[in-house]
Amino acid sequence: MQTAITEMLGIRRPIIQGGMHYVGLAELASAVSNAGGLGIITGLTQKTPELLAKEIARCHDMTDGSFGVNLTFLPTLSSPPYPEYIAAIIEGGVKIVETAGRSPEQYMPALKAAGIKVIHKCTSVRHSLKAERIGCDAVSVDGFECGGHPGEDDVPNMILLPRAADELKIPFVASGGMADARSLVAALAMGAAGMNMGTRFIATKEAPVHDNVKQAIIAASELDTRLVMRPLRNTERVLKNAGVDRLLQIEREKGAALQISDIHDQVASIYPKVMIDGDMDAGAWSCGMVVGLIHDIPTVAELIDRIMVEAERLIRHRLVGLLDQLETPTMKVA
Ligand SMILES: Cc1cc2nc3c(=O)[nH]c(=O)nc-3n(C[C@H](O)[C@H](O)[C@H](O)COP(=O)(O)O)c2cc1C
């Protein structure tokens with residue numbers, strides 16, 4: 001299937017694997033790219049630009065397809081050396097960068113000079129328009145249901161995607177709540193040129209995380225995520241667990257006076273405990289409401305093939321089939 005996004009990124013299928021801390025390693029990114037989508041290595045999971053350079057080289061060894069690197073500009077206590085991470089991306093021959101968090105504006109000249117396509121992840125139409133204005137090539141529009149940071153506007157994708165389609169000139173992919181062929185076909189119908197998935201890709205054979213994480217995703221329903229850090233205006237959607245219950249209790253006790261230091265134990269250094277050790281009660285880790293739609297652990301190729309085959313069936317049979325029953329109203333076109 002060719003869309004504006006497959007053509008821009010040089011991929012066969014309009015499916016992107018979003019950057020995920022401690023999940024977006026070469027194993028997963030290369031599997032997605034080998035299956036015809038766009039795999040993405042999570043830049044900041046690599047503690048130094050040198051380690052990122054090694055991870056990029058490892059991914060090149062595992063796929064001949066295009067893959068990208070995610071650079072997240074989120075409030076962190078010590079700011080990472082972004083220019084050096086960008087140098088590692090450029091020297092590693094990576095041609096696609098997914099940016100997220102704050103605006104990538106100050107890094108656009110370096111990225112564009114290196115011929116890199118920039119996809120900025122946005123949770124609102126106004127941020128998407130800003131991304132378009134500063135020269136981003138595409139936007140990943142992340143609705144309120146998404147795993148990770150949904151922003152503070154709380155607009156779900158049934159509204160956000162058509163709004164983005166009405167306003168944007170650059171292509172965009174739908175992100176948040178995407179799991180299967182139904183998601184892809186709906187996203188295309190709402191004006192997107194493809195879809196970005198996070199949580200769904202964790203429950204795959206190649207995702208390099210502890211099996212407890214995959215089992216927790218399968219066991220969870222769409223009711224099992226929680227929003228944390230709202231009082232800090234750094235909202236994150238996470239999977240409910242004992243650490244998250246404690247975090248929410250602290251948030252209730254502190255109210256508007258909450259400081260990040262109050263919840264340090266529930267949010268700092270949690271990812272290696274969950275993703276590597278499989279300690280599912282350690283604290284807050286991102287997870288989307290889409291867990292309610294995830295019931296198996298296929299290989300990445302099985303997942304992507306299944307989505308594409310079922311999407312074709314949905315379009316050819318269900319949607320085109322509906323046309324036969326359509327009574328076309330006479331419309332006056334202005
Ligand atoms: C475990 C996990 C870690 C994530 N880490 C990052 C990250 O480091 N940077 C980023 O931009 N997005 C991150 N995300 C967000 C994803 O890239 C993607 O936008 C989101 O998962 C889409 O929503 P979905 O989970 O409903 O598919 C993460 C998501 C998950 C589930």
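**Salt bridges and exposure**

Modeller: Glu27 is partly exposed, at 26% relative accessibility (buried is under 20% relative accessible area, exposed over 50%, partly exposed in between, with a 1.4 Å probe and protein chains only). This is a predicted model, where local features need pLDDT of at least 70 and side-chain atom pairs count only at pLDDT 80 or more, while totals for chains, interfaces and linings use all residues. Residues are numbered from 1 along each chain as its sequence is written, and side-chain values use heavy atoms, leaving out hydrogens and water.

Biologist: Which side chain meets Glu27 in a salt bridge?

Modeller: Arg58 does, at 3.0 Å, N to O (a salt bridge is a side-chain nitrogen of Lys or Arg within 4 Å of a carboxyl oxygen of Asp or Glu). Arg58 lies in helix 3 and Glu27 in helix 2, so the pair ties together parts 31 residues apart in sequence (helices are DSSP runs of H or I, at least four residues, and strands are E runs of at least two, numbered from the N terminus). Glu27, Glu55 and Arg58 are linked in a network of salt bridges.

Biologist: How many salt bridges are there?

Modeller: The count is 16. One of them joins Glu312 and Arg316 at 2.7 Å, N to O; both lie in helix 14, four residues apart, about one turn of the helix.

Biologist: Is Arg316 buried or exposed?

Modeller: Exposed, because its relative accessibility is 52%. Glu312, at 41%, counts as partly exposed.

Biologist: New topic: what about Gln17, buried or exposed?

Modeller: Gln17 is buried, with a relative accessible area of 0%, and lies in strand 1.
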